[in-house]
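Subject: Structure handover

Hi,

Here is the structure I promised to pass on.

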Amino acid sequence: MSRLSSYVDDLPRQGCFSLWFGPVEGPAWFELQATEPHYAASTIKLPLVIAAHREHEAGRVDLEAPIRIHNGFESRADGSAFAMDRDDDSDPEPWRRICTDVSLRWLCLRAIVRSSNLATNLVLDAVGPAAVSATFTALGATGSALSRGIEDTAARAAGLQNLVTAADLARILQTLHAGTAASPAACRDILAILGAQQINDAIPVGLPAGTRVAHKSGWVDGISHDAGVVYPGAEQGGDPFIFVMCTTSDLDEHAGLDLIAAGAAAAWADRRL
């Protein structure tokens with residue numbers, strides 16, 4: 001029995017646990033409920049950033065254009081105003097620059113490397129949810145949706161949710177690796193940003209120290225996700241592979257992250273050399 005099979009047998013019985021493990025091109029080697037939708041949490045920031053690059057290439061937005069950092073947004077549900085909670089954001093840098101101009105490209109960077117919520121909403125305002133929907137369609141992600149910004153409680157109360165599936169996140173990573181999610185240069189840039197991720201408490205924990213991972217995680221109460229391309233070193237052997245795990249359960253944040261790390265460790269043991 002494979003390590004992943006044993007790992008899956010030991011998963012908690014309560015909750016939804018989705019897993020996609022496979023090559024950077026082609027079908028999965030192992031799947032578990034990979035098409036089940038989960039609340040996206042911060043994994044939604046990856047398709048948003050890809051959409052920003054695609055819109056830049058189409059000439060509809062400018063990644064170098066200055067954007068004034070502010071903390072005031074309109075709900076996608078009813079247009080009502082809302083502001084974000086600085087204490088709930090994992091990235092202090094955009095907050096330090098309130099009322100100053102930064103580039104859209106810089107905001108995309110902060111949305112990934114420190115999962116900035118403020119930067120994310122500013123990018124969404126510049127790009128628009130329709131562009132993200134078009135990106136999902138273009139990349140073949142059929143079970144995911146971006147309907148609202150972060151902390152848009154009116155939209156959440158109205159039933160507007162951001163959703164992903166493990167299979168869709170894997171598909172998005174495959175298109176990035178193939179250089180087709182946007183232009184080849186943009187795909188390389190986005191993978192480099194994912195590789196510069198500063199929040200590394202899920203997939204990387206389960207891998208040998210120093211293993212390069214280009215990934216984006218997401219977490220809120222009851223939700224822990226991580227999706228990444230793993231690059232074994234020359235001395236470790238094996239080709240790059242993709243590992244995605246989405247968890248929706250009663251586990252606390254740390255237990256959910258530990259569960260993903262254990263899954264990544266099992267995938268590493270089962271990888272094809």
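**Salt bridges**

Glu-55 pairs with Arg-60 in a salt bridge, with 2.9 Å between the closest N and O atoms. Keep in mind as you read on that this is a predicted model.

The two partners sit in unlike surroundings. Glu-55 has a relative accessibility of 12%, so it counts as buried. Arg-60 comes out at 58%, so it counts as exposed.

Across the whole structure, the search turns up 7 salt bridges.

- Asp-125 and Arg-76 meet through their side chains at 3.2 Å, N to O. Asp-125 is in helix α5 and Arg-76 is in the loop between β5 (73-74) and β6 (81-82), so this pair ties together parts that are 49 residues apart in sequence. Both ends are partly exposed: Asp-125 has a relative accessible area of 42%, and Arg-76 is at 33%.
- Arg-110 and Asp-91 form a salt bridge at 2.8 Å, N to O. This one also links distant parts of the chain, with Arg-110 in helix α4 and Asp-91 in the loop between β6 and α3 (93-96), 19 residues apart. Arg-110 and Asp-91 are both buried.
- Glu-93, Arg-96 and Arg-97 are joined in a salt-bridge network.

**Nonpolar cores**

Which residues have the most contacts inside the largest nonpolar core? They are Leu-107, Leu-173, Leu-176, Leu-194 and Val-244, in a core of 63 residues. Several elements each supply at least two residues to this core, including α2, α4 (104-113), α8 (166-178), α9 (184-195) and the strands β10 (223-231) and β11 (241-248). Apart from this core lies another one of 24 residues, with Phe-243, Leu-257, Ile-260 and Trp-268 among them. In soluble globular proteins generally, nonpolar side chains tend to be buried together.

Leu-176 is a handy place to start looking. Setting aside neighbours within four places in sequence, Leu-176 is in contact with Leu-46, Ile-50, Ala-181, Cys-187, Ile-190, Leu-191 and Leu-194.

Ile-190 and Ala-170 are 20 residues apart in sequence, and their C-alpha atoms are 15 Å apart in space.

That brings us to His-53, in helix α2 (residues 45-57). Is His-53 buried or exposed? Its relative accessibility is 5%, so His-53 counts as buried. Not counting residues up to four places away in sequence, His-53 touches Leu-63, Arg-105, Ala-182, Ala-186 and Ile-190.

**The largest pocket**

The largest pocket holds about 500 Å³ of space. Its lining has 20 residues, and those nearest the centre are Asp-88, Asn-117, Ile-150, Trp-219 and Val-220. The elements giving two or more residues to that lining are α7 (153-157) and β9 (212-220). By type, the lining splits into 6 nonpolar, 7 polar and 7 charged residues.

Over to you!

Technical notes. Residues are numbered from 1 along each chain as its sequence is written. This is a predicted model: local features need pLDDT of at least 70, side-chain atom pairs count only at pLDDT 80 or more; totals for chains, interfaces and linings use all residues. Side-chain values use heavy atoms; hydrogens and water are left out. On a 1 Å grid over the protein atoms alone, a cavity is a set of points where a 1.4 Å probe fits but cannot get out, and a pocket is an open set with protein on both sides within 12 Å along at least five of seven lines; lining residues have an atom within 4 Å of a point. Grid points are joined across faces, edges and corners, and a volume is the space filled by probe spheres set on the points. Helices (H or I, at least four residues) and strands (E, at least two) are DSSP runs, numbered from the N terminus. Ala, Val, Leu, Ile, Met, Phe, Trp, Tyr, Cys and Pro count as nonpolar, Asp, Glu, Lys and Arg as charged, and the others, Gly among them, as polar. Buried means under 20% relative accessible area, exposed over 50%, partly exposed in between (1.4 Å probe, protein chains only). Contact means heavy atoms within 4.5 Å. A nonpolar core is a set of buried Ala, Val, Leu, Ile, Met, Phe, Trp, Tyr and Cys residues joined through side-chain atoms within 4.5 Å. A salt bridge is a side-chain nitrogen of Lys or Arg within 4 Å of a carboxyl oxygen of Asp or Glu.
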